[in-house]
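I looked up what lines them and where they lie.

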Amino acid sequence: MLTNLQSLIPHLRPLISNPSSRVVILTGAGVSEESGIPTFRDAQTGLWAKYDPLELATPDAFARNPKLVWEWYEWRRALCRDAKPNPGHDALAAMEKFFARLVIVTQNIDGLHRVAGSRDVIELHGNLQRDKCSRENVMVERANACTTNDGLLVCPQCGAYLRPDVVWFGETLPRDALERAFREAMLCDALFSIGTSGLVEPAASLPRLAKQAGAFIVEINPAPTPISEIADAIVRGKAGQVLSELVRAMERLGS
Ligand code: APR
């Protein structure tokens, strides 16, 4: 198995000059860590330090205490709105030019890949900047919503609470996004798994599926994950630094 960036380059070289090359980039919270957005499994800070995110991001938690869950997401929404793409996001946007097709499949709900300029992004877990009706599952613009006395927003059609358009634990993923992600994983030549703990299904299955279909699997993560076991190349480091170096190395190949 390969464990450094330089040994990875010869494996990417044939894809760079290939007009039918397909690359999938699976990203997780680690990619946004350098933008100041805490990963889910890190200790949370400030006001929210005493809460376990895994117990707030569920339909049950929202049914029990909608105000608590709404306020937690408002905090996260503000964090994400103020965050800027980091060199990792920028490098992934720049990588599009090296491959005939590059698709980002992200578990992140912060929208930073698109802000950085990536053009083909599949958001598996939704997007924090959108709201939907918790009963009818339809998107609602905040400007059209009504506000309750306790500061929550409700659907103008049915009066149910609005909730963020994100996937909570125990919920199914958006069907179109998931189907496309699986198709891309089965057809790709290389899959990069970056900044994800590989613990949450079905995203965690994508590298395995790609591997079974013959793709070259690369992991970029400072820590081992279950995906490490099937990776053909592993670079232990932060996404921003490793991906910036990778783009520079690919640029040298092209010049
Ligand atoms: N660069 C690369 N990887 C990093 C960095 C970094 N700077 N910092 C941390 N990591 C790695 C960690 O080692 C860990 O493996 O990022 C991973 C983050 O793991 P999680 O917090 O579990 O995030 P993720 O895999 O995206 O979680 C999947 O589960 O929490 C739910 O719905 C939420 O989308 C999320 C999903």
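I worked on a 1 Å grid over the protein atoms alone, where a pocket is an open set of points with protein on both sides within 12 Å along at least five of seven lines, and a cavity is a set where a 1.4 Å probe fits but cannot get out; lining residues have an atom within 4 Å of a point. Points are joined across faces, edges and corners, and a volume is the space filled by probe spheres set on them. The model is predicted: local features need pLDDT of at least 70, side-chain atom pairs count only at pLDDT 80 or more, and totals for chains, interfaces and linings use all residues. Residues are numbered from 1 along each chain as its sequence is written, and side-chain values use heavy atoms, without hydrogens or water.

I read a volume of about 270 Å³ for the second largest pocket. Its lining has 14 residues, with Lys 132, Asp 165, Val 167, Thr 172 and Pro 174 closest to the centre. I sorted this lining into six charged, five nonpolar and three polar residues (Asp, Glu, Lys and Arg are charged; Ala, Val, Leu, Ile, Met, Phe, Trp, Tyr, Cys and Pro nonpolar; the others, Gly among them, polar). The pocket lies between domain 1 (1–36 + 85–125 + 172–255) and domain 2 (38–82 + 130–166), because both give residues to its lining; the bounds come from an automatic or database domain assignment.

I found one of 30 Å³ or more in the whole structure. The largest cavity holds about 40 Å³ of space. Its lining includes Asp 110, His 113 and Glu 123.
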